[in-house]
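Biologist: I would like to learn how to read a model feature by feature. Could we take strands, a metal site and helices in turn?

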Amino acid sequence: MFDTLIRGGTIIDGSGGAPYRADVALMDGRIAAIGHNLGEAAQTIDAGGFCVTPGFIDIHRHGDAEVFRPGFGKAELRQGLTTILNGACGVSLVPFGERHREELLHYLEPITGKLDPAIPTESLGAYLNALRKVKLPLNVGMMLGAGTVRADLFGYGEEEPADMRQLHRQLERGIADGAYGISLGLGYAPECFYTTDGLIRALQPLKDGDIPITVHMRHEGDGVCDSVEEMIAVAKALRCPMHISHLKAMGKRNWHVKIPRALELMERARADGVDISCDVYLYDAGSTQLLHLLPPDFLRGGVDAICARLRDKNQREILREAIAHRHDFDNIAQMVGWDNIMLSALNLPEYQHLIGKTVAEAAELLHLDPVDCLCQLLADERCAVTMIDRMACEDDICTILHDDYSSVISDSTYPTSGMPHPRVYGSYVRVFERFVLEKKTIDLPTAVRKITSLPAEAMRIKNKGLLRVGMDADINIFKPELLRERATYLDPRQESEGMDTVLVGGKPAILHGAWTDAGAGQAI
Ligand SMILES: [Zn+2]
């Protein structure tokens, strides 16, 4: 007798293969059998007319602090997510000690939100142990942010760490503690200060191993192809798996041109034996720290140094010139324009009326020009400001979706104040609603593969992502045509609709649309 029998559904198994009709039997949190006339079960779920897929996997979220907050998991499970990885973009919440703690927290806050001081940050091991004591609605794993490691050891200084041994030790320790990968944030301080050679030296512990590197690249606009080449060079030098996060070409002048070339570079690298893959999020707007508008030389020395620079008249003039003319960094303000950059989270009471306004609008309200407005907001808020910037083009997203090696991610950030990006709530419904049914960019089995087996493979997540005997019983049951994304840019905190049943480890977290509060997730 099985625990659960899912009867009469259409199996889309995550491999990308053709759908077929079968029953699925579950036992002890695993898939015990797939076929017909499987026998008796304690619980039967009628899936006639429904698709049955593996639970969805998001390998790129910034929920490092969110997973400890009450209410975590609803936004995720309502779109069928049963497994997430946090710690992306080099900026994981661990490991750090006291040395640069205040600075690190300030830097992380726009991405992960405020940190509960009870969460241990000194090591990934301690963090995961704390997570194991929490009732988790879905499975949660972590990557180790190499940017956090560097900032903890050496601060936000520009100079390359002369002695890399401490850094190596921390990476090794994180891997031993269970990190699924090492994430890099080469667009952010302090990792933007690495030379390519320095980066390869910093990542030596990964050499000839099977721990993937995930990378928020140095450039994602004018220089995106150079950045892809840089990461191919790093992968070749280290002979380890490389995964490019949120591939995009920011700025109108790069649309339609850079992405085909970037994909071609990766294709050629694979032909050369490099293990390289990528992912994409499904929105033409991104979300990150407002700080990301500044050139790397403005990011030296941490929050206090940055704020002093932003208040200095001469420095402001230098910044004005840089934004107007420079091309040697991801000059987002120049590439997308002030009216495409929306302020989504600010902390000070006197700035709350600016949430939801573009920098252009905020500047007008404050009677400032946009550069002065940017400097004032960042300095007053001590850099903890989040933006949503409309910088990409949906055609490029489709081009990436057509690539065989691209997974879908959300890149969810969780600022505690202001407005999150709608992708936190909608990404995994959007893939069906917009890109399978409306635009017909990819077919149903391909879409399912890009949110199940492909990301699981890229990050070496064992026993998940496929409906096969022996795999974990993380399973979704739904009709694609009933899925609805309800979150919007101006009203983002809206859970998606239409997911009928979601099983985590064989237990329903949502059963026929109703929340069960099973809490069967695990720290993986
Ligand atoms: Zn990123």
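Biologist: How do strand 20 and strand 21 pair, parallel or antiparallel?

Modeller: Strands of a sheet pair through backbone hydrogen bonds, either parallel or antiparallel. Here strand 20 and strand 21 (residues 514-515) are antiparallel, with two bridges. Two strands count as a pair if DSSP finds at least two bridges between them. Strands (E, at least two residues) and helices (H or I, at least four) are DSSP runs, numbered from the N terminus. Ile510 has Trp515 in strand 21 as its bridge partner. Two residues separate strand 20 from strand 21 in this hairpin, and His512 in the turn has a positive phi of about 50°.

Biologist: How far can I trust such details?

Modeller: This is a predicted model, so local features need pLDDT of at least 70 and side-chain atom pairs count only at pLDDT 80 or more, while totals for chains, interfaces and linings use all residues. Residues are numbered from 1 along each chain as its sequence is written, and side-chain values use heavy atoms, with hydrogens and water left out.

Biologist: What is the strand order in the open sheet of three strands?

Modeller: The order is 6-7-8, and the pairing is parallel. Strand 6 (56-58) and strand 8 (139-142) are the edges, each pairing on one side only. Neighbouring strands are turned by 15° against each other on average, direction ignored. Such angles run from 0 to 180 degrees between N-to-C directions, with axes as lines fitted to C-alpha atoms, for helices over the stretch in contact. Four bridges link strand 7 and strand 8. Ile84 stands opposite Val140 in strand 8.

Biologist: Now the metal. Which residues coordinate the zinc ion?

Modeller: Donors are N, O and S atoms within 2.8 Å of the metal (3.2 Å for Na, K and Ca); water is not among the atoms, so sites may look incomplete. The zinc ion has Cys89 (SG), His216 (ND1) and His246 (NE2), at 2.1 to 2.2 Å. Along the chain the donors follow the spacing C-x126-H-x29-H. Cys89 and His246 link distant parts of the chain, 157 residues apart. Cys89 is in the loop between strand 7 (81-86) and helix 2 (101-112), and His246 in the loop between strand 12 (242-244) and helix 8 (258-271).

Biologist: Are Cys89 and His246 buried or exposed?

Modeller: Both Cys89 and His246 are buried. Buried means under 20% relative accessible area, exposed over 50%, partly exposed in between (1.4 Å probe, protein chains only).

Biologist: How do I check the length of helix 8?

Modeller: The expected span is 1.5 Å times one less than the number of residues. Helix 8 has 14 residues and should span 20 Å; its end C-alpha atoms are 20 Å apart, which agrees. Its buried residues include Ile259, Leu263 and Met266. Contact means heavy atoms within 4.5 Å. Just after helix 8, Gly273 takes a positive phi of about 95°.

Biologist: Which residues of helix 10 are buried?

Modeller: Arg316, Leu319, Ala322 and Ile323 are buried. They fall within an arc of 120° seen down the axis, so they line one face of helix 10. Lys313, Asn314 and His325 are exposed on the other side. Cover for the buried residues includes helix 9 (302-311), helix 11 (332-336) and helix 13 (370-380).

Biologist: Why does Thr413 count as buried?

Modeller: Thr413 counts as buried because its relative accessibility is 4%. Thr413 is in the loop between strand 17 and helix 15. Not counting residues up to four places away in sequence, Thr413 touches His62, Pro110, Ile111, Ser287, Pro420 and Val424.

Definitions and conventions. The arc is that of the directions from the helix axis to the C-beta atoms.
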